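Work through the exercises below with the coordinates open. Try each task before reading its solution.

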Amino acid sequence: MLTNLKSKLPNTSASIFSVMSSLAAQHNAINLSQGFPDFPVDDDLLKLVSTYLKKGYNQYAPMPGVPALRQVLSDIIFKDNGFRYDPDTEITITHGATQAIATAISSTIREGDEVIIFTPAYDCYAPMVELNGGTPIFVQLEQPDYSINWETFKKQISHRTKMVVLNTPHNPSGKVLRKEDLEQLQELVQGSDILILADEVYEQIIFDGLTHHSVCRFSDLASRSFKIGSFGKTLHVTGWKLGYCAAPEILTNEFRKIHQYQVFSVNTPMQYAIADYLVDENNLKIAGAYQQRRDLFLEALSGSAFKPLSSQGTYFQLLNYSAISDKNEVDFAKELTIKQGVAAIPISVFYHIPQENQVLRFCFAKSEETLLKAAKLLQSL
Ligand SMILES: Cc1ncc(COP(=O)(O)O)c(C=O)c1O
């Protein structure tokens, strides 16, 4: 019997994604809570995986990733952003973006370091900072449009600030940072040793003619950033858990020291398959289809009591329910799942100290049929 086991994350329990997904399953509700697609993966990609499996590409991949995949990724990032990462020394293939985030933080954050995180924030940043002895410093995004107030941010920079986590396009809000935002950040960190963890997993999912302003487009930011992406998000295969970290050699060296002991290397046949698949750049043109899904969902909701907020990227749509209920977000999300048969995620849980704005996040990476069914159920409120 263990009597003296002290949790390293005592305040952590099952994530809201697990809670809402299991509630959705229990009540047979349409699950628009967790961020994963429910439509089929491109058959060409599946065939490539099958080919590599059968050809015997089933042993350990090289520690930093299959060279062909690092090369094609370097080409894609260059084409999209005009910045070239060296595939040999600056790109590492990871077990999803989650591992890339964990490894980037483990390789740089020490006891006493402060890491600035904008809230609402994706849930894995702060626990990783804490596990490494760092202190998360939370800066709230402004209501109603989740923009960054750079004056507020500036006040939180101290001699202890080691890293800033930047997530664009942003989960949960769907906000896409503007060029001026990155310019502001660049100006504020210039001359310091502050690192940037740029979570860009939705880099290919940008709507309405907007541009994704990657950190690598800004030379000073590029020189201090871990740029993180996810093939799971880009290729609709979240269950494959494959992602990447692109960073200058000095950072990649430190990143790989930890990566090699945390995972050593990641899934071999899928890396080969993705490398081949991404040679055709049309396979990355996914934004249009997601925009159509967003528009279909919004059109089906028009006239309802839910008020949509702007979704500029990602596959999330925020809906304000203040015209329907006074309940807090967690209670309303549970009620919606149980009584109405639609599961969504309360935004309050993405804050360090829950904020109530009567807003829920709905994932529209779902089939047309699922979205129309969900919208019909929501219309009845
Ligand atoms: C903002 C953000 N970062 C990282 C991840 C994790 O990506 P992966 O599934 O590749 O680990 C997600 C997944 O939902 C996300 O939304």
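**Exercise 1. Which strand does β2 pair with, and in which sense?**

Solution. Keep in mind that this is a predicted model. Start at β2 and look for its bridges. The partner is strand β8, residues 243–246. The two strands run antiparallel and share four bridges. To check one of them, take I91: its bridge partner in β8 is A246.

**Exercise 2. Give the strand order of the open sheet and find its edge strands.**

Solution. Step one: list the order. Seven strands line up as β2-β8-β7-β6-β5-β3-β4. Step two: classify the pairing. The pairing is mixed. Step three: find the strands that pair on one side only. These are β2 (91–94) and β4, the edges of the sheet. From one strand to the next, the average is 20 degrees.

**Exercise 3. What is the handedness of the β-α-β unit made by β3, α5 and β4?**

Solution. Begin with the strands. β3 (residues 114–119) and β4 (residues 135–140) pair in the parallel sense, over six bridges. Next, bring in helix α5, residues 125–131. With β3 and β4, helix α5 makes a right-handed unit.

**Exercise 4. Describe how α3 packs against α11.**

Solution. Two numbers come first: for packed helices, the description uses the angle between the axes and the distance between them. Here α3 (residues 67–81) and α11 (residues 268–277) meet at an angle of about 35 degrees. Their axes lie 8 Å apart. The crossing is left-handed. Then list the residues in contact. α3 contributes A68, L69 and V72, and α11 contributes Q271, I274 and A275. Sort them by class: five are nonpolar, one is polar and none is charged.

**Exercise 5. Is H213 buried or exposed?**

Solution. Locate the residue. H213 sits in the loop between β6 (195–199) and α8 (219–222). Read its relative accessibility: 12%. The cut-off for buried is under 20%. H213 therefore counts as buried. Finally, list its contacts, setting aside neighbours within four places in sequence. H213 touches T168, L177, R178, K179, L182 and F218.

Note on methods:
Residues are numbered from 1 along each chain as its sequence is written. This is a predicted model: local features need pLDDT of at least 70, side-chain atom pairs count only at pLDDT 80 or more; totals for chains, interfaces and linings use all residues. Side-chain values use heavy atoms; hydrogens and water are left out. Buried means under 20% relative accessible area, exposed over 50%, partly exposed in between (1.4 Å probe, protein chains only). Contact means heavy atoms within 4.5 Å. Axes are lines fitted to C-alpha atoms, for helices over the stretch in contact, and angles run from 0 to 180 degrees between N-to-C directions. A crossing is left-handed if the near helix is turned anticlockwise from the far one by less than a right angle, and right-handed if clockwise. Ala, Val, Leu, Ile, Met, Phe, Trp, Tyr, Cys and Pro count as nonpolar, Asp, Glu, Lys and Arg as charged, and the others, Gly among them, as polar. Two strands pair if DSSP finds at least two bridges between them. A crossover is right-handed if, with the strands pointing away from the viewer, the path from the first strand over the helix to the second runs clockwise.
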